[in-house]
Amino acid sequence: MKHVKKNFGMRIIISWVTIVFLAVPSFVQSSFAQDFDKALSAYLDGEYAVALKEFYKLAELGDGEAQFYLGEMYGLAHGVERDLVLARKWFLRASERGNFDADSRLALLYESGVGGEQSDTLALYHARRGAKNNNDASQATLAEFYEKGDAGLAQSDEDALKWYLLAADKGFTPAYLGLGRVYEKIGEIDNAKLWYQRAIDEGDEQARKPLARLKAQNADAKQTAGNNRKVVSSSSGGTIAVEFPDEKARESSDRVWEDDKDDFLVGANAYLDGDFSLALEFLYPLAEKGVPYAQYYMGEMFDRGLGVNKNPKAAVKWFKAAYKNGVSRAGHNLAYIYFTGSAGGVDRQTALKIYHKEAKAGNSHSQVNLGHIYSTGNDVPQSDKIAVRWYSEAAKNGNPTGMYQLGLAYYHGHSGVNRDHDMAYIWFSLADEEGVEEALVYKDLLAKQLTKAQLQKANKRVTECRQRKFKGCFLL
């Protein structure tokens with residue numbers, strides 16, 4: 001006899017939990033029908049004591065459906081102590097009475113050896129018996145055997161798909177997850193996503209993680225916290241680009257990354273896709289563990305009320321933790337909270353220290369905010385010259401707001417630079433291309449004022465600036 005396989009009990013229980021209420025009786029002898037309906041109604045309502053009594057009475061009289069449900073009750077510990085020996089006994093009796101749902105359970109019991117004899121031969125017999133008699137649960141069980149190469153079968157994705165599809169065509173929702181797995185394995189990712197989504201739509205939460213993982217694969221670089229990019233590959237083949245402002249921050253993340261990168265991929269991309277419930281599920285434990293970017297995302301979620309109640313103090317907690325671990329953007333957000341007092345207290349001196357530190361490190365958002373602060377003289381000596389310097393640095397780093405503010409400076413000629421409509425047109429054009437709607441108004445206005453030669457020269461300069469990634473476009 002083979003050794004009993006590890007975790008077989010949990011595997012069987014999980015399988016049963018997903019399908020127990022789908023096992024609608026295929027026949028009920030007319031003389032037992034009224035009593036059976038009473039027993040089944042009590043079972044579905046959770047009145048297990050009543051159900052147990054009624055099922056026992058009918059089972060002893062030879063009712064196969066009642067025998068099946070007694071097996072379920074002992075297998076799932078519904079109103080009784082879990083006893084897989086008794087579960088097997090009642091499933092065997094139900095199978096003998098032609099209940100093919102019982103065959104799907106017996107196949108798992110014999111394959112694992114739980115509750116009695118382990119036998120690949122009998123496991124396969126019961127799986128095939130139910131499947132060939134068009135029983136959806138048995139078809140899904142046989143498909144799982146082919147998918148995993150269990151019960152003495154050679155692993156076969158083709159046969160697994162065949163039986164899963166037959167079960168799924170009958171609306172047997174546990175087969176949807178299996179189809180997602182097999183299609184993913186053979187590289188038919190669109191089909192895998194489709195079946196994972198159908199499983200989720202039917203309430204199967206197990207499909208959420210693999211679907212999110214597929215969405216995460218080959219993700220573009222969506223984090224923009226600094227200038228030192230690191231592309232991380234997941235064990236499932238996906239990639240995501242994350243950025244660190246310095247080597248110290250990179251080392252901080254590396255200490256916890258290897259064991260957690262797949263979960264981070266799922267959580268980060270769920271956040272970027274707007275699935276904040278899934279993001280919270282995966283990112284919060286990683287944030288508690290000390291993963292810097294998980295801490296940053298938790299700060300964003302609490303700051304903006306994404307998937308959680310808005311909580312500025314919790315946002316400060318997570319932004320502080322992420323900033324300590326080297327996430328530049330977390331520092332910028334923390335400075336904004338301190339400067340505006342949105343968490344309940346204004347601390348502009350601390351905010352200015354952080355803004356200056358991050359602006360010097362290349363954070364374009366902090367550079368723009370310093371430009372605003374010096375332009376208005378808010379808690380610093382007012383200086384158009386310094387404001388334009390920071391707007392210029394932000395524009396060099398591709399920040400659209402910095403580009404627009406530079407355009408305004410050259411257009412009006414009163415913010416530390418001489419009036420220059422050629423340069424204003426260039427920066428309004430670049431800002432417009434980056435999505436700043438207000439820039440289009442000034443761009444069109446200037447286009448009417450410049451000569452054809454000036455426009456051609458300016459448009460050529462726009463193209464050159466873009467090709468050089470905004471470097472070499474400055475007079476400052």
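Alanine 151 is buried, with a relative accessible area of 5%, where buried means under 20% relative accessible area, exposed over 50% and partly exposed in between, for a 1.4 Å probe and protein chains only. The model is predicted: local features need pLDDT of at least 70, side-chain atom pairs count only at pLDDT 80 or more, and totals for chains, interfaces and linings use all residues. Residues are numbered from 1 along each chain as its sequence is written, and side-chain values use heavy atoms, with hydrogens and water left out.

**Alanines with positive phi**

- Alanine 151, although not a glycine, has a positive phi of about 60 degrees.
- The loop between helix 8 (136–148) and helix 9 (157–169) contains alanine 151.
- Alanine 77 likewise is a residue other than glycine with a positive phi, near 60 degrees.
- Alanine 77 is placed in the loop between helix 4 (64–76) and helix 5 (84–96).
- With 30% relative accessibility, alanine 77 counts as partly exposed.

**Overall architecture**

- The protein has 25 helices and 2 strands; these are DSSP runs numbered from the N terminus, helices being H or I with at least four residues and strands being E with at least two.
- Of the contacts in the protein with a separation of 6 or more, 50% join residues 24 or more positions apart, a contact being heavy atoms within 4.5 Å.

**Burial and surface**

- Of the 476 residues in the protein, 52% are buried.
- The accessible surface of the protein is about 22,200 Å², and carbon and sulfur atoms account for 49% of that surface; accessible areas come from the Shrake-Rupley method with a 1.4 Å probe, and for residues only the protein chains shown count as cover.
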